[in-house]
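Biologist: Before I read anything into this model, could you take me through what its labels rest on?

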Amino acid sequence: MTSATQPQSTPRTSGLAAKLAALFVLVVLPFFLRAAPVEHGLPRNYVPDTHMVRSALGMAKEKDLVPPVNRYSTYPNLLPYLLLPCYAAQYALGRATGEWKGSGEYGEHLLDHPEDAQVIGRWLVVLFGALTPLVVFKATRAAGLGRGAWIAAFLVATCLLHVQFSTQERPWVPLVFFMALAAWPAALYAESGRAKHLALSSVAAGLSFACHQGGVPAIGIPALAWLFGPIGWRGDALAQRARQIGLVALVFVVVSVPIGHPYWLRYGLTPPEAAVGGELAAQKGGLSIGGLGFIPEMRLDSVTRLSGAFFGYDPVIVLLGLAGFTLAWKEKRARPLMLFALLWAAVFLPQQSDHVRYLLPLAVFLAWPAGMLAERWLERRPSAIALGALLVFPLAQSLRFDHVLGSRDVRFDAEAKLAELPPGAVVAIDRFGPDVPLSRAALERLERLRGSGAKSAVEGASTGDALRSRERRRLELLKAGVATDAGPGLDALDVEELLDVDRDGRVCVKKAFASITTSPRELVLHFGATHVLLVNRRPGVGAPIARELVDAGARPVWSVDPSASAEHPTPECFLPVEMDFPLVGLWTVNRPGPWMALYALK
């Protein structure tokens, strides 16, 4: 009599399943979440501070790899250096396909289509972002985690704050990638005591500083690992300790300065007046690093606002991370990093410059204690089920982000409506409004305004030209009667060229135009505006900041609203930039971009 054999899973089958799961958590999921909306807003670009792209292109154009601070960027040079071979490959491909015949035509193409350069910068940041969960997995394993390392990696893979900044051509995600990389050998040092591990940690810390000035505290990761390390403090052990901390400092400088801040080697230390906020920092006891000044001013309101925004971005990381913090502190391999996270929070939570992006390292490092707590929960079925339910939320929030950010920005709708204005109309566009292609009359007016002391052009400042490179090229094409993809353009005026807005939201006339009038409305009328496009990024909370440009009780000609419900305006619509409270804001909009309304002035 024969008995039927039942199919059983073999070690080979289960091993394949484990590898596929690892591939999904560590590679596929983080890459998909960051790559899906990477072309958001293009061909327009509504992401600020994209210096790394401008710096790389400026270096290539001028054939100068060490330009002075602020010629193209206030940031260090590592990311522009990484972009240069990417643009070289783009140029070579275009030459091979006949899209352009030489470097001159390639440069003109990028002036006409800057999105082709911007998207390459975004893809570079996507790669850094997608690789970060893998680094976190390795670092948490080195810190003693088992199954909890998978949870830590998943939490970083689905971390909304990290996902959002991985879609922007800015240095924050690469900065954090190298910080996480520094934590890996730092954890190994806790048991080995080997100088090799400290040196590797210092290399990664130096690369973080070479991405952005905010990476300079990364030296604290190997330094704290050294402080808590296994080597003694007496006799020969003390001498060994001294050699090791000297090695940490030396490696940090040797790595970060030549590839991040080589302008120090060529031009010397940057004077405060050459840095953004440098003179004010010097007056208030702060410091300047390269092109940026740091002012150590604290505000209690910043703690409240940033804590709320941080929780709104990643509530699961915050809750699990705080609940598991004691567990991580007890683990000697994680303790130095936990102290680093505490110090980071103590410095950046109360900062007067209250940008939630400054908490991105904190979001990643809270994955360590979150993973340790999750490891405990996985030991029991009820808590494991609860953990699984919790982990659904960050994934859902990141998928929602991808859907909204990948939708058409409402500023394209406003741009199309503005193009329908009658001949002779001049529209003053509020800040954060659409970046419309300007007409010849608008560009000539802008050139006169800049010459009178209005908002200066970063690129133009180095050449003495009042117009930026793109603006100058467009004006030349329009004067020559050359047809452009954008057509004749719109006669528009950026109100930021004329008006200032202080931290409290008060609008006033720039000093350069105070002799004309002190009334913002009268000033835009003076320069020929017939309409104004008001912008409000908090339509459910209050009126637009520049509301005094229109008469009280005036009705809009039309409005554009990204709110998910027409009956209930969203309390915020900041996308693609950082949000106030994504737990609400992300779910009450259907598209990126702000609320806008057009009003007639005459």
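**Labels and their grounds**

Modeller: Strand β7, residues 531-536, is mostly covered, with 6 of its 6 residues buried. This is a predicted model, in which local features need pLDDT of at least 70 and side-chain atom pairs count only at pLDDT 80 or more, while totals for chains, interfaces and linings use all residues. Residues are numbered from 1 along each chain as its sequence is written, and side-chain values use heavy atoms, with hydrogens and water left out.

Biologist: What makes β7 a strand, and which strands does β7 pair with?

Modeller: Helices (H or I, at least four residues) and strands (E, at least two) are DSSP runs, numbered from the N terminus. Two strands pair if DSSP finds at least two bridges between them; 3 bridges join β3 (residues 427-429) to β7 in parallel, and 6 bridges join β7 to β9 (residues 595-600) in an antiparallel arrangement, so both count as pairs. I429 stands opposite L533, and A597 in β9 is the bridge partner of L534.

Biologist: Why is V28 called partly exposed?

Modeller: Buried means under 20% relative accessible area, exposed over 50%, and partly exposed in between (1.4 Å probe, protein chains only). V28 has 40% relative accessibility, so V28 counts as partly exposed. V28 is found in helix α1, residues 11-35.

Biologist: How do you know that the length of helix α20 agrees with its number of residues?

Modeller: The expected span of a helix is 1.5 Å times one less than its number of residues. The 25 residues of α20 (residues 381-405) should therefore span 36 Å, and the end C-alpha atoms are 37 Å apart, which agrees.

Biologist: What makes E578 and R357 a salt bridge?

Modeller: A salt bridge is a side-chain nitrogen of Lys or Arg within 4 Å of a carboxyl oxygen of Asp or Glu. For E578 and R357 the N to O value is 3.2 Å, so the pair meets that definition. E578 lies in the loop between β8 (558-560) and α26 (582-585) and R357 in the loop between α17 and α18 (360-365), so the pair ties together parts that are 221 residues apart in sequence. Both E578 and R357 are buried.

Biologist: Why are R450 and E497 called buried?

Modeller: R450 has a relative accessible area of 8% and E497 one of 2%, so both fall within the buried class. Their side chains meet in a salt bridge at 3.0 Å, N to O.
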